[in-house]
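User: I'm new to this one. Can you walk me through it?

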Amino acid sequence: MSALLKLLSFQVFLVFSKPASSQSLGRQLPESLDVSDIQMEDLPRLVRGCRLPAVLDETGRLCRAGLAVVLRHIINKTLQADPSRNDVLALLGFKKTCLKACAEVSKWTRLCEIGIPSAVEEHLRNPPNQYQKVPLSILTLERRLAEPVKVHNDDKIRRQKLQEQRQNEKNESPGGNPDSESEPGRPPQVCDGLELRAALAKLSVDPVPTMTTRESSEIRKVKTTALPPLEHVFAEGLYFTLTDVVLLPCIYQFLCSLQTHAASTLLQLPHLLRWYSRVQEVPGVVRAAEACGMALSVPELPASSLAAPSAEDDPAGLLEPEESQEMTTQPPFVGGPRPTMTKLQENGIEAVFAPHPCPAWTLPWDSLPGAINPAEGKMSNIRAVRKRQQLNNLVAMVTELARPGHTVVDFCSGTGHVGIVLAHTLPHCQVILIENKEESLVRAQSRSAELGLENVGFIQANLDYFTGPFHVGVALHACGVATDMVMEHCIQAGAAFVISPCCYGFIQNAVKFTFPKSKKFQETLTYKEHMVLCRFADQTAVQLPPERRLIGKQCMGLVDLDRSWAAETHGYSVRVMTMEPESCSPKNNMLVGRQQQKSGLEVDAGQLEAPAHN
């Protein structure tokens with residue numbers, strides 16, 4: 001990656017909280033890399049509000065934060081400069097999705113980007129001893145590496161593997177007789193190198209033994225279910241990707257710390273050691289590691305020690321909780337929502353919607369610049385009308401809550417429909433758009449530049465990687481637990497929020513919170529009963545019968561009532577209301593909350609009036 005940085009003329013800054021700490025780290029960096037030191041307080045405001053690493057574009061308006069996002073950006077810039085770099089393109093994996101999903105929704109991204117680096121950092125902070133257990137995230141990776149893998153169009157490779165297995169059996173038979181029986185209980189020999197050859201061939205490495213392109217008729221007749229599985233070569237399967245680049249420095253540091261007690265610990269990690277060895281066979285890896293002061297070497301252990309650990313060595317209880325939950329199949333929902341709703345009513349819980357304070361308020365769409373109007377995009381006229389109605393509702397609420405000098409954050413911003421309207425409507429506020437999908441954020445930046453907006457910034461990152469202060473958080477149709485993540489982020493920052501939830505059926509227990517969320521709901525409903533509400537809260541589509549849509553609306557209100565009560569325990573006043581007109585979206589709920597003790601936001605529900613046009 002350092003070579004790519006030099007090629008692309010990135011200006012690299014190392015951020016230190018203490019000036020003295022820069023000297024030791026500087027000696028570990030490649031001499032060819034142009035690196036400067038900078039103190040935290042001297043960072044640009046947009047970068048200072050993000051977790052590092054981060055990269056700021058030449059405009060100073062778009063910041064990409066988080067290890068996976070930054071590395072993917074470097075790869076994309078490399079390909080823009082030289083589209084022939086197929087070796088670099090391969091790092092993005094099949095369909096260019098390697099580590100693309102954010103850590104909030106992908107357990108695999110969270111493990112590689114957060115879990116393992118954090119575990120290794122903690123491991124190094126507390127020197128290991130002979131009896132110390134292997135970190136749980138490392139054991140999780142070990143188990144993943146032991147699992148068979150499936151890759152696109154793997155049938156051909158698996159048939160090739162079967163053919164090589166049978167050829168090996170024939171060669172090992174006495175006299176080369178294929179009909180001779182092998183020793184009782186002895187498994188067929190597996191051609192361990194086929195997966196590695198396929199992986200290196202993907203990287204266009206020379207020389208690579210040519211793989212047979214045509215199987216025998218006997219092999220072609222074997223059912224797919226009877227073909228041998230493929231073993232992991234690299235972290236995500238057969239092919240070397242960005243994930244291996246992310247993991248290598250962490251595993252290197254972890255293995256270096258175990259040199260004193262390697263025998264007692266490494267016996268639990270045979271697949272990790274094999275991965276560590278194979279990564280070093282990728283051209284350029286060893287050279288790049290040496291340039292960064294990493295002397296890669298594989299610990300030597302007896303061949304017998306490289307057997308897979310038994311269940312006693314790797315009990316499921318040692319794995320990360322979310323990994324165990326991921327493999328647990330939830331039973332299918334049975335029945336409708338009426339028993340659950342009746343149970344709530346018997347305990348005095350019913351959906352209540354606050355009146356909309358300004359149902360007729362609208363933005364002056366006819367006089368707004370074209371780049372603000374949703375109709376200028378690729379959506380249909382009918383959808384554009386509904387989108388404008390949704391924006392009327394959110395902008396009206398945010399305009400009441402925001403004050404000059406405030407920072408407003410549009411979470412899950414997409415192409416910027418909400419954030420760009422807010423930046424135009426609130427010129428004395430700073431507006432930040434946060435979105436994990438690069439393509440959407442680049443489009444939003446382009447729209448902002450067309451409008452000449454000076455009060456807007458863009459952050460491509462996981463939601464959790466934004467750590468800066470702000471006053472109002474807004475999200476339009478935040479899917480599933482994204483609504484809860486935005487609410488939590490706002491509560492931690494003491495910020496007001498205006499959120500329109502969506503995709504209630506995707507709600508499920510997460511690392512940071514479980515459902516139901518409020519005490520009264522927890523005392524009344526089980527998790528499964530709450531999931532029934534969530535499932536039927538999605539039954540609000542216009543093509544459904546009216547009575548069914550009404551039940552769906554009530555379920556939406558109950559789920560959001562639980563959310564609002566949970567926020568109230570943090571000193572918030574929250575109202576659940578319906579967007580106007582209701583036809584603007586099947587998901588037309590809106591949660592408006594603010595801290596009751598914040599003087600700048602002390603506005604009673606009855607005092608909200610239609611905001612004036614700016």
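Analyst: Let's begin with a strand pair. Ala478 has Pro501 of strand E9 as its bridge partner. This is a predicted model, where local features need pLDDT of at least 70, side-chain atom pairs count only at pLDDT 80 or more, and totals for chains, interfaces and linings use all residues. Residues are numbered from 1 along each chain as its sequence is written, and side-chain values use heavy atoms, without hydrogens and water.

User: In what sense do E8 and E9 pair, and over how many bridges?

Analyst: Strand E8 (residues 472-479) and E9 run parallel, over seven bridges. Strands are DSSP runs of at least two residues (E), helices of at least four (H or I), numbered from the N terminus. Pairing takes at least two DSSP bridges.

User: And which strand does E9 pair with in the antiparallel sense?

Analyst: Strand E11 (residues 589-595), over three bridges. Ile499 has Leu591 as its bridge partner there.

User: Is E9 mostly covered or uncovered?

Analyst: Covered: seven of its seven residues are buried. Buried means under 20% relative accessible area, with a 1.4 Å probe and protein chains only.

User: Which residues point which way from E9?

Analyst: Ala496, Val498, Ser500 and Cys502 go one way, and Phe497, Ile499 and Pro501 the other. In a regular strand, side chains alternate between the two sheet faces.

User: New topic. What does Leu533 touch?

Analyst: Leaving aside neighbours within four places in sequence, its contacts (heavy atoms within 4.5 Å) include Thr340, Met341, Cys555 and Val559.

Notes. Buried means under 20% relative accessible area, exposed over 50%, partly exposed in between (1.4 Å probe, protein chains only).
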